[in-house]
Amino acid sequence: MPLPPTGHTCSKQFEDYPCCHRQWQHPGHCRFVHGYSRSFTFWFAATALDACGFVVDFSSLRPLEKQLRDQFDHTFLVNADDPLMEQWQTLHAQDALDLRVMDNVGMEASAQLVWGWANTLLRERDGGRSCCWKVEARENRANGACYEALPEWFSATQP
């Protein structure tokens with residue numbers, strides 16, 4: 001695994017977001033609606049520690065936690081191109097499910113999505129001092145996927 005982008009890093013885990021999804025194009029059982037309790041681990045890096053000596057103040061991540069809860073807590077995730085979209089929307093309108101439409105509901109795409117959320121928050125708040133350089137999205141203990149990248153605006157050599 002490559003080294004983190006700076007000397008100081010930290011991580012934060014968010015757990016227990018029960019949701020269901022389906023991968024309608026999958027030839028096997030993943031095409032059926034099924035659920036997991038998703039969890040996410042975020043890895044952060046900073047060019048310098050903040051005034052409190054933190055890479056990221058975990059209490060400042062409440063907006064990110066709210067995004068995760070709104071997207072994944074007791075929701076039904078479907079791909080934007082799902083051929084049953086009209087039925088899912090009808091069930092949502094009937095209050096039978098809490099629909100979230102995504103480009104891709106898979107764990108790989110979910111990791112990239114929430115990586116973007118974290119970096120939007122950090123850039124707005126810290127002005128480039130910190131970033132999220134890796135996210136692991138897990139659907140259970142056995143299955144997970146990571147997205148690892150530096151945002152284009154982050155430079156580990158910033159003063």
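1. Asp-70 has a relative accessibility of 36%, so it counts as partly exposed. Its salt-bridge partner is Lys-66, with N and O 2.6 Å apart. Lys-66 is also partly exposed, at 43% relative accessibility. Both residues sit in helix H1, four residues apart, which is about one turn of the helix. Please keep in mind as you read on that this is a predicted model.

2. Asp-82 pairs with Arg-22, and their closest N and O atoms are 2.9 Å apart. This pair ties together distant parts of the chain: Asp-82 belongs to the loop between S3 and H2, while Arg-22 belongs to the loop between S1 and S2, 60 residues apart. Are these two residues buried or exposed? Asp-82 is buried, with a relative accessible area of 4%, and Arg-22 is buried too, at 10%. Buried here means under 20%, so both values fall below the cut-off.

3. How many salt bridges does the structure hold? There are six. One of them joins the side chains of Glu-136 and Arg-138, at 2.6 Å from N to O, and both of these residues are buried. Elsewhere, Arg-125, Asp-126 and Arg-129 are linked in a network of salt bridges.

4. Next, look at the strands beside S3. Strand S1 (residues 8–21) pairs with S3 in the parallel sense over three bridges, and Cys-20 stands opposite Phe-76. Strand S4 (residues 99–102) also runs parallel to S3, joined by four bridges, with Met-102 opposite Asn-79. Together, S3, helix H2 (residues 85–93) and S4 make a right-handed β-α-β unit.

5. Helix H3 deserves a look of its own. It spans residues 107–126, and its 20 residues reach 28 Å from the first C-alpha to the last, close to the 28 Å expected. Its buried residues include Met-107, Val-114, Trp-115, Trp-117 and Leu-121. What do the buried residues of H3 pack against? Their partners are strand S2 (34–46), helix H1 (62–72), S4, strand S5 (130–138) and strand S6 (144–148). After H3 comes Gly-127, with a positive phi near 65°.

6. The largest nonpolar core has 29 residues, and Phe-42, Phe-44, Leu-68 and Phe-72 have the most contacts inside it. S1, S2, H1, H3 and S5 each give two or more residues to this core, and H3 gives the most, with eight. Leaving aside neighbours within four places in sequence, Phe-72 is in contact with residues including Tyr-17, Phe-40, Leu-77, Met-102, Val-114 and Trp-117. There is also a second, separate core of six residues, among them Phe-76, Met-85, Leu-97 and Leu-99.

Note on methods:
Residues are numbered from 1 along each chain as its sequence is written. This is a predicted model: local features need pLDDT of at least 70, side-chain atom pairs count only at pLDDT 80 or more; totals for chains, interfaces and linings use all residues. Side-chain values use heavy atoms; hydrogens and water are left out. Two strands pair if DSSP finds at least two bridges between them. A crossover is right-handed if, with the strands pointing away from the viewer, the path from the first strand over the helix to the second runs clockwise. The expected span of a helix is 1.5 Å times one less than its number of residues. Buried means under 20% relative accessible area, exposed over 50%, partly exposed in between (1.4 Å probe, protein chains only). Contact means heavy atoms within 4.5 Å. A salt bridge is a side-chain nitrogen of Lys or Arg within 4 Å of a carboxyl oxygen of Asp or Glu. A nonpolar core is a set of buried Ala, Val, Leu, Ile, Met, Phe, Trp, Tyr and Cys residues joined through side-chain atoms within 4.5 Å.
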